[in-house]
Amino acid sequence: MQPSSPDPASPDPREQADDLFAYAVLLRTLNRELNRSATDFAHAHGLHATDVHALAAIMDLSAGPDGPATPSRLREELRLTSGAVTACLDRLERSGHVRRVRDSADRRVVHLVYPPEARALARRYFGPLARATETARGGFDDEQLTTIAAFLRALNAELASRHETPNGAT
């Protein structure tokens, strides 16, 4: 099954497959659309854009192999100061989007919990994004989706590896 192009005037994606600039434009466009959704959510709920990035990071870190997110892991992920993370978490906790929970084995450790009611709110708000993603996915067969996912994983890994060295130097 061939992907359907959202804009009939746009070039055939196969004509751009080897054009790095075309990929950059597509990725920047995707980034702008995702940022627009995050900013709209932030404004609708009295949050800063950083708060929405923090929520996404808390959700992703908590789903990862290292268990629940902590303030220090969030600080590393967002590249913020300890004070900025504390202010962000204070806003998120006051608004009911996050809870700080002490670890039962080591009370010095604080876990960041994304409560079910906050997840439900985000799920409702970002439902159109989820539906758009599912609609776009429907234009590709399983093999293509596997390739797309592999590309995104590889790109994310490459980008992340650049941040592991000082100043992004290679």
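Which side chains does a polar contact of 2.8 Å join? In this predicted model, the polar contact of that length is formed between the side chains of Asp103 and His111.

**View 1. Asp103 in the loop between two strands.** Asp103 is found in the loop that runs between strand E1 (99-102) and strand E2 (110-113). Besides the 2.8 Å polar contact with the side chain of His111, a polar atom of the Asp103 side chain lies 2.7 Å from the backbone nitrogen of Ala105. When neighbours within four places in sequence are left aside, Asp103 is in contact with Val109 and His111. Asp103 is buried yet has no salt bridge, and the nearest side chain of opposite charge, that of Arg107, is 7.8 Å away.

**View 2. Arg73 in helix H3.** Arg73 has its place in helix H3, which covers residues 71-78, and this residue is buried. A polar atom of the Arg73 side chain does, however, lie 2.9 Å from the backbone oxygen of Pro68. With neighbours within four places in sequence left aside, the contacts of Arg73 are Leu61, Asp66, Gly67 and Pro68.

**View 3. The chain around these sites.** The secondary structure comes to seven helices and two strands, in the order α-α-α-α-β-β-α-α-α from the N terminus on. Of the 170 residues in the chain, 21% are buried, and the accessible surface comes to about 11900 Å², with 57% of that area belonging to carbon and sulfur atoms.

How values were computed: Residues numbered from 1 in each chain as written. Predicted model: local features only at pLDDT ≥ 70, side-chain atom pairs only at ≥ 80, totals over all residues. Heavy atoms only, no water. Helix = DSSP H or I, 4+ residues; strand = E, 2+ residues; numbered from the N terminus. Buried < 20%, exposed > 50% of the residue type's maximum accessible area, 1.4 Å probe, protein only. Lys, Arg positive; Asp, Glu negative; His and termini not counted. Salt bridge = Lys/Arg side-chain N within 4 Å of Asp/Glu carboxyl O. Polar contact = N/O pair within 3.5 Å; in protein donor to acceptor, adjacent residues only side chain to side chain. Contact = heavy atoms within 4.5 Å. Areas by Shrake-Rupley, 256 points an atom, 1.4 Å probe, with all protein chains shown as cover.
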